[in-house]
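Here's a quick briefing to read with the model open beside you.

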Amino acid sequence: MAEGQYSVRTMRGSQMSLIPAEPAILGVQTPAHRGAVFTRPWVVELVLDLAGYTADRDLAGCVALEPSAGDGAFLGSMVGRLLVSTKAYGRDIADCGSALVAYELDADSAERARAMVRSVLMGKGVVGPVAERLATGWVRCADYLTEADPVAADFVVGNPPYIRSEEIPEETAAYYRRCFPTMRGRADLYIAFFEAALRQLRDGGVCAFICADRWMRNQYGGALREMVTGGYSLEVLLEMHEANAFEDEVDAYPAITVIRRAVQGRTVVATAGLGIELADGALLTRSLLEGRAADGIHGLRVACVDTWFHGDSPWPCQSPEQLALLRRLEDRFPVLETNARVGIGVATGNDGVFVTTDAALVEPSRLLKLAMAKDLGEGVMKWSGHYLVDPWERDGLVDLTAYPRLQAYFEEHGAALKRRHTAVKNVRGWYKTIDRVTHSLTQKRKLYIADIKNVLEPVLDCGETYPHHNLYFVASAVWDLEVLGGLLLSAIGQFFVESYGVRMRGGYLRFQAQYLRRIRVPEPGSIPASLGIELVAAFRGRDRARATAAALLVYGISREELEAAIGHR
Ligand SMILES: C[S@@+](CC[C@H](N)C(=O)[O-])C[C@H]1O[C@@H](n2cnc3c(N)ncnc32)[C@H](O)[C@@H]1O
């Protein structure tokens with residue numbers, strides 16, 4: 001199962017499909033248990049504490065919402081806190097009909113949640129009829145996503161359902177997507193819960209969820225990230241991959257997020273390790289709110305980040321130390337593309353036809369020296385004798401009648417070439433490669449980077465070859481490419497791609513142009529000459545340790561800081 005996808009390993013009851021959002025439109029009615037993964041009490045207490053739903057506040061004057069109540073794990077504790085607060089503030093619980101709102105789609109769960117509410121109230125001396133009225137009023141058996149009141153909430157807390165897009169009936173998913181535009185593409189249902197919750201917050205209101213954290217990095221989470229960075233403040237991000245958060249074992253990578261409708265301030269980023277549930281709850285909360293690890297809490301790592309990401313860019317969090325360093329570097333240095341161009345080599349759609357080692361295959365002017373990933377093997381560009389059979393000239397595709405040997409060669413392979421998607425789309429250009437060739441790139445000095453490798457290994461091409469499609473290139477009129485090569489070769493270069501990149505199965509790191517473009521490097525002119533010389537020497541000698549020593553000085557960070565950021569992944 002792919003990272004972050006939820007599936008209940010230990011099934012609780014039957015697994016049934018989701019009730020459609022609009023039965024009138026969709027015409028199906030089945031009760032739901034899907035997505036029912038219940039939260040352990042220690043997590044409930046932590047989420048409520050982090051949200052600030054605490055009995056020392058006048059909770060009777062607030063509106064708190066639980067959008068997917070299940071059997072009432074959050075609700076029970078919320079009612080308990082509300083009761084204590086009413087006593088402290090001289091309020092009557094009987095008047096608190098508007099203080100809590102809970103939704104639950106499944107009738108049986110909703111009834112259990114009401115029973116939980118009644119039992120908490122009556123256990124604290126609330127008389128039966130009042131307990132009954134409050135329980136019935138607070139817990140609604142309904143779809144939060146379609147029936148939530150537009151009431152402005154001070155708190156939205158809970159554990160939204162874990163339902164993957166392919167498990168939602170298509171019409172229902174389409175309906176939710178129309179109502180909640182951040183739920184794009186193959187987004188899981190929880191995205192819509194986040195959007196609904198965030199929209200519902202009054203100014204200063206807070207949403208605290210324990211939920212899958214895939215959306216922080218993946219493509220479908222982009223619109224939600226943009227919503228958060230555009231109008232909210234991410235106050236706490238507590239990664240819980242190792243922690244024992246749920247009653248059932250799940251294939252899940254959850255995190256607690258505390259998001260306030262406010263201008264973004266500092267963010268506390270933390271990781272909760274195995275056994276964290278044994279920690280003292282008050283100490284744990286204080287640590288997280290203050291943004292520093294406390295003695296006596298085993299398995300908690302905490303860092304404070306002064307500024308957060310912008311727009312829809314991913315939030316790559318592998319450890320608090322890594323994220324804190326990444327944000328610092330991102331704040332202080334411009335992206336690589338400010339002074340360099342990052343691109344990818346030519347894709348052909350049929351390398352068997354377009355790539356050759358036969359120097360006599362067609363007219364010599366139609367053969368372009370091609371750099372392949374294997375040519376970089378030793379860290380030095382060593383051309384392996386491959387050519388691109390090149391159908392391009394400056395103004396577009398060549399006129400084949402001007403190159404009879406090229407024409408004969410392409411026509412010999414015409415059937416295969418015409419089957420390619422790119423040729424079907426452009427029938428007249430049936431002999432084109434997928435990407436156009438920009439010949440001026442060949443003569444430029446440039447760095448090559450192979451797209452799947454364990455380490456960032458930039459290699460210099462002195463203007464002799466054109467890159468094949470599994471090579472990225474970095475070209476620049478401003479940089480001394482050997483200085484830049486030294487920075488990229490260093491452990492700091494590696495730190496960036498490890499932060500942004502994706503590790504494939506088997507441990508391979510997949511670079512993509514978008515990740516390379518986000519790498520931060522100093523302005524070339526700001527690098528002292530002596531460090532420039534060091535970086536060039538390190539690059540030429542493929543000496544990563546020497547490159548790292550110079551790069552640390554250039555970036556102004558300590559070795560300890562870098563090691564802490566790299567070490568915990
Ligand atoms: C992950 S469980 C969490 C339950 C509870 N909050 C807890 O933490 O133990 C999610 C619950 O959401 C309910 N649910 C699913 N879709 C819903 C919807 N559209 N509106 C309200 N509840 C929904 C499920 O029936 C399930 O009980």
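Which elements make a right-handed β-α-β unit? Strand S1 (residues 64-66), helix H3 (residues 73-88) and strand S2 make one; right-handed here says that, with the strands pointing away from the viewer, the path from the first strand over the helix to the second runs clockwise. Keep in mind that this is a predicted model: local features need pLDDT of at least 70, side-chain atom pairs count only at pLDDT 80 or more, and totals for chains, interfaces and linings use all residues. Residues are numbered from 1 along each chain as its sequence is written, and side-chain values use heavy atoms, with hydrogens and water left out. Helices (H or I, at least four residues) and strands (E, at least two) are DSSP runs numbered from the N terminus.

**The nine-stranded sheet**

- Nine strands line up as an open sheet with mixed pairing, in the order S3-S2-S1-S4-S5-S7-S6-S8-S9; two strands pair if DSSP finds at least two bridges between them.
- The edges belong to S3 and strand S9 (300-305), each with a single partner strand, so one side of each is left without a neighbour in the sheet.
- On average, neighbouring strands of this sheet are turned by 15° against each other, direction ignored.
- Strand S6 (233-239) and strand S8 (residues 267-272) run parallel and are joined by four bridges, with leucine 238 having alanine 270 in S8 as its bridge partner.

**Strand S2**

- All the way along, S2 (residues 100-104) is covered: five of the five residues are buried, so it is largely enclosed by the rest of the structure. Buried means under 20% relative accessible area, exposed over 50%, and partly exposed in between (1.4 Å probe, protein chains only).
- Both faces of S2 are covered, with Leu100, Ala102 and Glu104 on one side and Val101 and Tyr103 on the other.
- S2 pairs with S1 in the parallel sense over three bridges, and valine 101 is the bridge partner of leucine 65 there.
- S2 also pairs with strand S3 (residues 139-141) in the parallel sense over three bridges, where glutamate 104 has cysteine 141 as its bridge partner.

**Helices on the sheet**

- Helix H8 (residues 190-200) lies across S1, strand S4 (153-158), strand S5 (201-212) and S7, running at about 160° to S5. Axes are lines fitted to C-alpha atoms, for helices over the stretch in contact, and angles run from 0 to 180 degrees between N-to-C directions.
- Helix H11 (residues 320-332) packs on the sheet too, touching S8 and S9, and its direction makes about 15° with that of S9.
- H8 is mostly covered, with 10 of its 11 residues buried; among them are Tyr190, Phe193, Phe194 and Glu195.

**Helix pairs**

- Helix H2 (residues 41-51) and helix H10 (residues 281-290) have axes that come within 10 Å and cross at roughly 40°. That makes H2 oblique to H10; angles under 35 degrees count as roughly parallel, over 145 as roughly antiparallel, 65 to 115 as roughly perpendicular and the rest as oblique.
- Their contact (heavy atoms within 4.5 Å) is made by Trp42, Leu46, Asp49 and Leu50 of H2 and Leu284, Thr285, Leu288 and Leu289 of H10.
- The axes of helix H4 (residues 107-123) and helix H5 (residues 128-138) come within 9 Å and cross at roughly 145°.
- Residues making the H4-H5 contact include Arg114, Val117 and Leu121 of H4, and Ala131, Leu134 and Trp138 of H5.

**Strand S16**

- Five of the six residues of strand S16 (residues 445-450) are buried, so S16 is largely enclosed by the rest of the structure.
- S16 runs antiparallel to strand S18 (residues 459-462), joined by four bridges, and leucine 447 stands opposite leucine 460 in S18.
- Four bridges also join S16 to strand S20 (residues 471-475), again antiparallel, with tyrosine 448 opposite phenylalanine 473.

**Two loop residues**

- Tyrosine 253 is found in the loop between S6 and strand S7 (254-260), and at 34% relative accessibility it counts as partly exposed.
- The C-alpha atoms of tyrosine 253 and histidine 241 are separated by 4.9 Å, with the two residues 12 apart along the chain.
- Arginine 542 sits in the loop between helix H20 (529-540) and helix H21 (544-555). Arginine 542 has a positive phi of about 50° although it is not a glycine, and counts as partly exposed at 22% relative accessibility.
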